[in-house]
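Here are my notes on the model you sent over, in the order I'd look at things. Keep the structure open while you read.

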Amino acid sequence: MRDITLGQYINGDSVIHRLDPRVRLILTLVYIIMLFLLKSIPQMIMALVLILSAYALVRIPMKMLFKSLKPIIPIVLFTSVLNMFFIGGDEVFSFWKFSVTRQGIYYAVMLSLRVICLLAGSSLLTYTSTPIELTSALELLFMPLAKIGLPVNDLAMMMTIALRFIPTLLEETDKIMAAQKSRGANLDTGNFIERVRALTPILIPLFVSAFRRADELALAMECRCYNGGEGRTRLNALKIKRSDIIAVIVFLGLCALIILSGRIVL
Amino acid sequence: MNDLIRFEKVSFSYGTNNVLDSIDLSVEEGEFLAVLGYNGSGKSTLAKLINGILLPTEGKVYVDGMDTSDETKLSEIRKTAGMVFQNPDNQIVATIVEEDVAFAPENLGLDPAEIRQRVDEAIQAVGLEKHIKDAPHKLSGGQKQRVAIAGVLAMQPRCIILDEPTAMLDPKGRSLVMGVIERLNREKGITIILITHFMEEAALADRILILSDGKVAENGPPKEVFSRKDRMISLGLEVPPVTDLTLRLIDNGLPLEKDIIRPEELVEALLSIKEAAH
Amino acid sequence: MSTLRLDNVGFTYQKGMPDEKVAVSGVSLTFDEGDFIGIIGHTGSGKSTLIQMLNGLLRPTTGHVYIDGDDIWDDRSKLREKRFKVGLVLQYPEYQLFEETVRKDIAFGPRNLGLSEEEIQSRVEEAAHYLRIPEKLLDRSPFDISGGEKRRAAIAGVLAMRPEVLVLDEPTAGLDPRGRRDILDVIRNYHENEKKTVILVSHSMDDVARYAGKVLVMNAGGVFFYDRVDEVFKHALELRETGLNIPTVTDILLTLRERGMDVDTDIYTPSGAAETITGYFRGEESK
């Protein structure tokens, strides 16, 4: 339970790992927007090839991708089939009261491909970025909003602390549960109300401890000269490198190609 | 005036509860002071008064001549006198060791090259080079506490106050942390104020201050303080096992000095008695 | 007649996963009724895992744990009932306090046993008495009392369940010298009066030597020694070589012996050490 990994980061040293996290974040967004601009199956297939080649670059086994796609397959199939039946057009075949149309099938395939690409794209971001990298990327990207009074630094600090304390609090929950079970707390049986009530001996100590930790942490931060985000510098300041610029140009070029190919072919 | 820390008639109370009562204390630059006393004797309050976390209800506290009640000096005071707490989990901010050590220099607004240098130096000083990229929650208690010390060292303080830093550690972690503390004092000349419940740790200090009921009950070198076993016990404390054994041997008529506080001293003394007998 | 017997007990975390970790393996031993047993070992020697198997918090991945001859995992429906025969006080037990008053908190365990209100109250009184918790403290909030008092209230909460075997994991961690002494004296007093089995996990050899009758030394997930205290300290040199903290006085005697003084080294209290050293010099004189 202690080793829960948020966003399932995979340690590595691929070209994509080495990109600035801001670049990774923005390119992922670009890719997702592109998915919604595409209008034909061939384009969608190109988009799929693009993201799969990115996976190949990172050397993430396809097995892992399938594993993360698995839970959504039923939903995709269900909505696709639903669409297939309810979109009107040239009938291909029919049974009972339903008729399946060419347009329906086309749309269903498009939708499935789009969802698969969407998931593959966003998973790639979390596979290659640590939560900390994403936090600093978001912090820097939102920095302009600090000018209109959004406490960007403080929000980023909160994110960091939350990430830091998740394993600690999970471990603590384990310990408290063990202690209360030893005192005969019955956590596994009973109806809903009883079970909720059985949580009190876990939740109260957990909250008390979380508050105590927060208090001590605030004190320790103060002792280390923290007084808000202003004037802070960073050890690992993010810097856009040449490789980042190349990656942006190449990726945007490929996306443009995919979008434009729609106009040429159709 | 080379007192780095000076308390002048300092009292502190929470409401009607008098925690500290008219304390006078000075700590010289480079000194290693151990503070003892039972729980509730005011030790932690004393520590928090030093770097301006708490302000005295009466009297003044000076750090390198700076009055802790002067708000404009607060950042300078906290940089001069760093503080390490008991629970290592609750003072680590970041999810990577080096990022955590960098926290204070980042707050001070130093530039990245300077931060990098301080972080590397601090991590080296506590011997955690191998763990620089690790997640703190995967380290042992003793390692976490050394991360916390490195985090304070990165401010380049002249004094470090440690509030029961080994209370939650196992013997191995405890001796590693104590090793680091001693080295910082002897090699880097950093002033150490160590609050502890372990007499063996206090025996390493230059001077021991014992608090009782918010007052200074004893103030002197370990050899002098520990040689009075009855007094120690009446203050809710104990003497190190070595001193206990030495005092018993003296009672049995062996010609030993009663200020023996370290195992190697006793061994040497006994061996020289043996030599003399031959 | 309540004995706790372990038969080839082992525990592996993440079994079958690439990061599996063997915490305990092949432990076979018996904790006899009425004994006071100290368990020592490094962090990671498997002692915390071992004690969590004693009351069924963890299920051994190999072997069996028997209480009074019954395998506690034989019949899952009876697991809770068997668990109550072994009262486990975990590290920093004050973090389990949650009720409005100390009294209610101590009553939590007995209440879960389904006892009558009268019985519950008498057990609370009894446990509070053992832990030297004054009457007026019982009606205070457990969040509102001193650290040492919280610790004692939490231990009382387990004691009030009247376990046949009381297991305490580092009950003195983080306390001041007086607090440490108080807790250990309370435990000794309970053991002497109730004649029930007490298992004390500690990092302090000095404490184990002073309070326990038997010592279980764990090392690398297995039993290193399990014997009477004086027998175990005959192996003081081996203990020191594995990096265990042996009592300071034993350490001094070992060094004296290495440096050519012929003193006994299976001694672990200051008074015993004083006697043997004095004896040595008297012997020298009379030569």
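**Notes on the model**

1. Let's start where two chains meet: the contact between chain A and chain B takes 24 residues from chain A and 36 residues from chain B. Bear in mind that this is a predicted model. On the chain A side, α8 (152-182) and α9 (192-223) each bring at least two residues to the part that touches chain B. Which helix gives the most to that side? It's α9(A), with 8 residues. Sorted by class, the chain A side comes out as 13 nonpolar, 4 polar and 7 charged residues.

2. The axes of α8(A) and α9(A) are 10 Å apart, and the angle between them is about 140°. Angles over 145 would count as roughly antiparallel, so α8(A) and α9(A) are called oblique to each other. The crossing of α8(A) past α9(A) is right-handed. From α8(A), the residues making the contact are L169(A), E172(A), T173(A), I176(A), M177(A) and Q180(A). Facing them from α9(A) are P201(A), I202(A), P205(A), L206(A), S209(A) and A210(A). By class, this contact has 8 nonpolar, 3 polar and 1 charged residues.

3. Now try another helix pair in chain A. At what angle do α2 (residues 21-37) and α7 (residues 131-146) of chain A cross? Their axes come within 8 Å and cross at roughly 80°, which makes α2(A) roughly perpendicular to α7(A). On the α2(A) side, the contact uses P21(A), R22(A) and L25(A). On the α7(A) side, look for E133(A), L134(A), S136(A), A137(A), L140(A) and L141(A). Count them by class and you get 6 nonpolar, 1 polar and 2 charged residues.

4. Next, the contact between chains C and B. Here 30 residues of chain C are in contact with 28 residues of chain B. On the chain C side, α6 (147-159), α7 (177-194), α11 and α12 (270-286) each supply at least two residues. The biggest giver there is α12(C), with 8 residues. By class, the chain C side has 11 nonpolar, 13 polar and 6 charged residues.

5. Stay in chain C and find L244(C), which sits in the loop between α10 (236-241) and α11 (248-258). Is L244(C) buried or exposed? Buried, because it has 21 C-beta neighbours inside 10 Å, and the cut-off for buried is 20 or more. Leaving out residues up to four places away in sequence, L244(C) touches I40(C) and L239(C).

6. Last stop, the nonpolar cores. In soluble globular proteins, nonpolar side chains tend to be buried together. The largest nonpolar core in this model has 177 residues, and the members touching the most others are V35(B), A150(B), A156(C) and V167(C). Take V35(B) as your example: setting aside residues up to four places away in sequence, V35(B) touches K43(B), L46(B), I193(B), L194(B), I195(B), L209(B) and L211(B). There's also a second, separate core of 21 residues, including L27(A), Y31(A), L35(A) and A47(A).

Key: Residues numbered from 1 in each chain as written. Chains lettered and ligands numbered in written order. Predicted model: local features only at pLDDT ≥ 70, side-chain atom pairs only at ≥ 80, totals over all residues. Axes fitted to C-alpha atoms, helices over the stretch in contact; angles between N-to-C directions. Helix = DSSP H or I, 4+ residues; strand = E, 2+ residues; numbered from the N terminus. Parallel < 35°, antiparallel > 145°, perpendicular 65-115°, else oblique. Contact = placed C-beta atoms within 7 Å. Nonpolar A, V, L, I, M, F, W, Y, C, P; charged D, E, K, R; others polar. Buried ≥ 20, exposed ≤ 12 C-beta atoms within 10 Å, placed from the backbone. Core = buried A, V, L, I, M, F, W, Y, C linked by C-beta atoms within 7 Å. Left-handed = near helix turned anticlockwise from the far one by under 90°.
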